[in-house]
Amino acid sequence: MAVRNQLIHRPPQAVWAVLADPASYGEWVVGPSESTPLDQAWPEVGSRLRYTVRLGPWSTEGVTTVRHREAGRELELEASFKSLGTARIFLQLRPWGEETLVVCDEHPLRGVGATLHNPAIEVLFQLRHRGMLARLARIVEQDHAAARHA
């Protein structure tokens, strides 16, 4: 199970604002190049987000479903990627003084991905999370900086 932390220099409500914006997932999640809400209620439980992954001329789509949420604190998702199966992604926002500690816990849940899960794949998850959480921090912190200078 890949667990990674990132300290974001903004309060939890600023981080949650980005998590609650379905169009932003293509900007900070490593893999997808774009995301589109399938339901207007994102991130309510049961709402879905379609994402596109592109590698050169090849592209495919997947769907992510909200399985659990506590607004401003927790978001648990199930990402479905066709024949590879599904993965569980749990994002927890912990107040850390004036900042937010984001904890990301992801692991394969169903299908081929879960069956073939091994230590080498864990390393890939860790690398993905490092980039993903750094992008999330950059977006949240840049939004704050832009709002201050506007």
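Buried means under 20% relative accessible area, exposed means over 50%, and partly exposed lies in between (1.4 Å probe, protein chains only). The model is predicted: local features need pLDDT of at least 70, side-chain atom pairs count only at pLDDT 80 or more, and totals for chains, interfaces and linings use all residues. Residues are numbered from 1 along each chain as its sequence is written, and side-chain values use heavy atoms, with hydrogens and water left out.

Stop 1: A salt bridge here is a side-chain nitrogen of Lys or Arg within 4 Å of a carboxyl oxygen of Asp or Glu. Is glutamate 78 buried or exposed? Glutamate 78 is buried, at 7% relative accessible area.

**Stop 2: across strands 3 and 4.** Select arginine 50 and glutamate 61. They form a salt bridge, with the closest N and O atoms 3.9 Å apart. Arginine 50 sits in strand 3 (residues 48-55) and glutamate 61 in strand 4 (residues 58-70), so the pair links parts 11 residues apart in sequence. Strands (E, at least two residues) and helices (H or I, at least four) are DSSP runs, numbered from the N terminus. Arginine 50 is partly exposed at 32%. Glutamate 61 is partly exposed too, at 36%.

**Stop 3: one more pair.** Select arginine 48 and aspartate 39. The closest N and O atoms of this salt bridge are 3.2 Å apart. Arginine 48 is partly exposed at 34%, and aspartate 39 is partly exposed at 23%. How many salt bridges are there by this rule? The count comes to 8.

**Stop 4: helix 1.** Select residues 12-19. Colour the buried ones: Pro12, Ala14, Val15, Trp16, Val18 and Leu19.

**Stop 5: helix 3.** End on valine 112, which lies in helix 3 (residues 111-115). Valine 112 is partly exposed, at 40% relative accessibility.
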